[in-house]
Structures are given as structure tokens and as C-alpha cells.
Amino acid sequence: MPDGSASAPARPSAFPWDDALALGLGALGWSPAAFWAATPREFAAALGRRRGPEPLSRDAFERLLAAYPDPGSTG
């Protein structure tokens, strides 16, 4: 029998519908029909969201190499 010391899993937060509606209907200027017909991927694309992070630039890569050189590397 559980002793009550283990915490219950955190409930996921509710989806921010007010924010989504404000963006879709306000900032994007979509009609309600267009908003409700859009897929999450289409909504994210309309907001300028990309699928993943930007690729690492060569300059940023060189800075990382200088800051964290591989052990035993000669150059």
C-alpha cells in the first residue's frame, strides 16, 4: 500500500487556446474557418516555426572547437 510519500505525476498544462486564437485570428488574420481547418504543422509554419534548430554555422563550430578541444588533438 502506498505511503503517500511519492508525488503524483504532474498534470500536463492545458493547451493555450486563447494565445492560439489570438495568433491565428489576430496576428495572422485568418478567418475562424481557416483557423479550425489548419493542421498544427500549418499553424506552426504560418508563425514561422521551423522543424528543428538552425544548423550550426562554421564560425560557431570553430568557436566550439576552440573552447572545447578534443583531448590529445594537435591542432
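In this predicted model, Tyr68 lies in the segment that follows helix α4, which spans residues 58–67. Tyr68 is exposed, because its relative accessible area of 63% is over the 50% cut-off. Tyr68 also belongs to a nonpolar patch on the surface.

Leu25 is partly exposed, with a relative accessible area of 36%. That class applies because the value lies between the limits of 20% and 50%. Beyond its neighbours within four places in sequence, Leu25 is in contact with Trp30, Ser31, Pro32 and Phe35. For Phe35, the separation along the chain is 10 residues. The C-alpha atoms of Leu25 and Phe35 are 7.0 Å apart.

At the level of the whole chain, the secondary structure consists of four helices and zero strands. The order of elements from the N terminus is α-α-α-α. The chain has 75 residues, of which 7% count as buried. Its accessible surface amounts to about 6,800 Å². Carbon and sulfur atoms account for 60% of that surface.

Methods: Residues are numbered from 1 along each chain as its sequence is written. This is a predicted model: local features need pLDDT of at least 70, side-chain atom pairs count only at pLDDT 80 or more; totals for chains, interfaces and linings use all residues. Side-chain values use heavy atoms; hydrogens and water are left out. Patches are made of residues with over 30% relative accessible area and no salt bridge: like charges are joined within 9 Å, nonpolar side chains (Val, Leu, Ile, Met, Phe, Trp, Tyr) within 5 Å. Accessible areas come from the Shrake-Rupley method with a 1.4 Å probe; for residues, only the protein chains shown count as cover. A salt bridge is a side-chain nitrogen of Lys or Arg within 4 Å of a carboxyl oxygen of Asp or Glu. Helices (H or I, at least four residues) and strands (E, at least two) are DSSP runs, numbered from the N terminus. Buried means under 20% relative accessible area, exposed over 50%, partly exposed in between (1.4 Å probe, protein chains only). Contact means heavy atoms within 4.5 Å.
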